Amino acid sequence: MAQPRIILFGPPGAGKSSLLGALAASPTLKGKLVEKSGQLEQLQRATYQGKLKSTGELEAYDIRLDGDAKAAATLLDCSGKEASELLQAEQPFAERHEMNRPILDADAVLLTVNAALPTKQLHEQFEQFGRWLNQLHETRGWRLDVGTLPVYLVLTHCDQLARPEDSFSQWMQRIEEG
């Protein structure tokens, strides 16, 4: 059985690559995250040094937890520019686009949303995500794909919602309100 393919999808600046860089350094994982090419380690360094560049094309990271061959996956970091094109398209899967196949072949989608955006922009982004997800569901149905596609919403940039005078509960309330 092939390892699961998980695509990180969102507009530019949504934090897709930063999320991957942070995952590589996460102390909460039960083991060390291993990625043979070294690209994920470079991404981690760039994330924490503030030198992270936008992803220009689809980047694939084959990862596993050290010592556990069953805990493996391919993480696909998509270009924010290409994601925006698909989110703004009337029928994103009706036209040819290089991102369609990786999305349609994914086993799960992580929708990344910059939680620090102004409310109006967040609302517009959620409307775009809603249209896009409906089209994705319909297209996968035509393809006779078995089962549902798990879609996870990931709020990024939540640290930017905190103010110096905030307590933890005030900060959490601001995140929940958003």
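Which residues lie nearest the centre of the largest pocket? In this predicted model, local features require pLDDT of at least 70 and side-chain atom pairs pLDDT 80 or more, whereas totals for chains, interfaces and linings use all residues. Residues are numbered from 1 along each chain as its sequence is written, and side-chain values use heavy atoms, with hydrogens and water left out.

The lining of the largest pocket comprises 15 residues, and those nearest its centre are Leu23, Leu33, Ile63, Ala73 and Leu75. Two or more lining residues are contributed by each of strand E1 (5–9), helix H1 (16–24), strand E3 (59–65) and strand E4 (68–77). Helices (H or I, at least four residues) and strands (E, at least two) are DSSP runs numbered from the N terminus. E4 supplies the largest share of the lining, four residues. By class, 14 lining residues are nonpolar, none is polar and one is charged; nonpolar denotes Ala, Val, Leu, Ile, Met, Phe, Trp, Tyr, Cys and Pro, charged denotes Asp, Glu, Lys and Arg, and polar the others, Gly among them. The volume of the largest pocket is about 260 Å³, taken as the space filled by probe spheres set on grid points joined across faces, edges and corners. A pocket is an open set of points on a 1 Å grid over the protein atoms alone, where a 1.4 Å probe fits, with protein on both sides within 12 Å along at least five of seven lines; lining residues have an atom within 4 Å of a point.

Three aromatic pairs are present. Phe9 and Trp132 form a stacked pair, at 4.1 Å centre to centre and 10° between the planes. Phe9 belongs to strand E1 and Trp132 to helix H5 (residues 119–142), so this pair ties together parts 123 residues apart in sequence. Phe93 and Trp132 form a tilted pair, with 6.0 Å centre to centre and 40° between the planes. Phe93 is in the loop between helix H3 (80–88) and helix H4 (100–104), 39 residues from Trp132. Rings of Phe, Tyr and Trp (its six-membered ring) pair if their centres lie within 6.5 Å; planes under 30 degrees apart count as stacked, over 60 as edge-to-face and the rest as tilted. Phe9, Phe93 and Trp132 make up one aromatic cluster. Phe9 is buried at 0% relative accessibility, Trp132 is buried at 1%, and Phe93 is also buried (under 20% relative accessible area, 1.4 Å probe, protein chains only).

Asn114, in strand E5 (residues 108–114), is buried, with a relative accessible area of 13%. A polar atom of the Asn114 side chain lies 2.9 Å from the backbone nitrogen of Ala116. Beyond its neighbours within four places in sequence, Asn114 is in contact (heavy atoms within 4.5 Å) with Gly13, Ala14, Leu122, Gln125, Thr156 and His157.

Note on methods: Buried means under 20% relative accessible area, exposed over 50%, partly exposed in between (1.4 Å probe, protein chains only). A polar contact is a pair of N or O atoms within 3.5 Å; within protein, one must be able to donate a hydrogen and the other to accept it, and residues adjacent in sequence count only if both atoms are side-chain atoms.
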